[in-house]
Amino acid sequence: MMEKDKFKIQGLGREKFLSGKIKVNGAKNAVLPVLASCVLFEDSFVAKNVPAIEDLNRLNEIFVDLGISMKEINTGEYFVNAENIKSHEIKEEAAKKMRASIIFSGPILARFGKLIFPHPGGCVIGARPIDIFLEAFEEMGAKIELKDEKYFIEVKGAKLKGAEIFLKIPSVTATETLIMAGVLAEGKTVLKNVALEPEVTSLIEWLNQCGAKIKGAGSAFLEIEGGSLLSGKNQIYQTIPDRLETGSFLILGALCASDLEICNCNPKDLEIIIELLKDAGVDMIVSKNSIRVNCKNRKNYKAFNIKTHEYPGFPTDLQSPMTVFLTQAKGEALVFETIFEGRLNYIEDLVNMGADIRMWDSHRVMVKGPRKLKGKELEGPDIRTGFAFVIAALVAENESMIDNVYYIDRGYEEIEKRLSAIGAEIKRIKN
Ligand code: EPU
């Protein structure tokens, strides 16, 4: 693990520009649940276009504990085999490092009728409760006990029962977890007010491709007919392009590229970002699988308000990169983070760099632009803010140092190489 690595970044200021082509990788948040879905399989399957990110190593640690094997057979192509799965316990060490470990809870409980897991960890973006998961498991017939900070969950008769469940918040991982629980439950499970994120739709399509019976993909209501273990014989999952990486590159290009082509992406998954940037005056050409963007109109960018929302609204994951954009746009903008508390805890660093941002409360800030940014020492508290700091450092004059880039490595594959290839001066300093 590259826990203490740093990035040294030379700011481009107003005179230097990025240019060239950058390829978007497979979506972390799509492939993690799909790989975890192997618990529902009697055999194995192959996943392609898998990004080489730190979270994949964390997932593999959980696989090893459970008795699942994962092998890279070609670059970005993994063979996952759950034939010898033996354990129903998610170990504390792995779970603390990755919140997505919670995704295993549904399929493990559905397969074994029992489950032990600790409260999950992950990025530092506020309290992240798991009440929706626990209440739903109870509705499906499970009994839950909390002992020594571990949940011990058991189902009478070892088989989850289909139930009608209303999600009080359309949580992404809760939706994915409960879909997978429903696939092996007895009878029909109805999920209402589910998350609509493209990663959820991709998971549903994958499970259906392998024999699951899930109706309603892309809508807020899902109906799942429970059945037996799935088979992955000759099945290949093709990871969808990462819409959050696409959005991050788009914002970067809008701020510092003379001509950047973002390829292998699906612009349809980030219409809100494209519309807002176009309205602000960003010059871009959107094609089916690529976006070409430049910063030629940068002096005339107009500010706009953002309010984070579940898909297809403004993604919370692009809130911090977009706030960096707003520091360079003319006028006042309100940034309202509605999904997570603690996801504005990077503002002070941007202010130290020269941004004019006033904090209203823990969910709202007012950004006044444009302001010149100066390079500083920074430390990203989560994946997306880590990348937002990379953008800020590139926009700035002088040099910046970003500490603990482990958070960036969790979600962005070899970002320093990919950014260097389009003209950025960014160096990893190993510790
Ligand atoms: N929530 C509850 N109770 C629960 C579950 C969630 O109150 O039982 C709340 C959360 O505290 C939050 C809201 O529901 O306020 C929405 O959170 P959600 O559960 O949708 O987030 P998540 O599933 O934990 C996924 C992504 C995040 C992304 C969010 C929001 C994965 C593995 N993670 O998290 O991605 O920010 O959805 O879209 O899919 C990232 O990639 O960097 C990342 C953090």
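Student: What makes strand S19 (residues 356-361) and strand S20 (residues 364-369) a pair?

Tutor: DSSP has to find at least two bridges between two strands before they count as paired. S19 and S20 have five bridges, in the antiparallel sense, so they meet that rule. In this pairing, Arg358 stands opposite Met366 in S20. The two strands form a hairpin, with two residues between them. Strands here are DSSP runs (E, at least two residues), helices are runs of H or I with at least four residues, and both are numbered from the N terminus.

Student: Where do these values come from?

Tutor: This is a predicted model, in which local features need pLDDT of at least 70, side-chain atom pairs count only at pLDDT 80 or more, and totals for chains, interfaces and linings use all residues. Residues are numbered from 1 along each chain as its sequence is written, and side-chain values use heavy atoms, leaving out hydrogens and water.

Student: Why are S17 and S19 said to stand at the edges?

Tutor: Look at the strand order in the open sheet, S17-S18-S20-S19, where the pairing is mixed. Strand S17 (306-307) and S19 each have a single partner strand, so one side of each has no neighbour in the sheet.

Student: How do you know that S17 and strand S18 (residues 331-336) pair?

Tutor: They share two bridges, in the parallel sense, and the rule asks for at least two, so they pair. Lys307 has Phe336 in S18 as its bridge partner. Helix H10 (residues 319-327) packs on this sheet and touches S17, S18, S19 and S20. Contact means heavy atoms within 4.5 Å.

Student: What makes the bond from Tyr311 to Pro312 worth a look?

Tutor: The bond is cis, with omega near 5°, and Pro312 sits in the loop between S17 and H10. Another cis bond joins Gly369 and Pro370, where omega is about -5°. Most peptide bonds are trans.

Student: Why is Glu149 called exposed?

Tutor: Exposed means over 50% relative accessible area, buried under 20%, and partly exposed in between (1.4 Å probe, protein chains only). Glu149 has 64% relative accessibility, so it counts as exposed. This residue lies in the loop between strand S7 (142-147) and strand S8 (150-155), and its phi is positive, near 60°.

Student: How do you know that Asn234 is exposed?

Tutor: Its relative accessible area is 78%, so Asn234 is exposed. Asn234 is in the loop between strand S12 (221-225) and strand S13 (236-238), with a positive phi near 60°.

Key: Axes fitted to C-alpha atoms, helices over the stretch in contact; angles between N-to-C directions.
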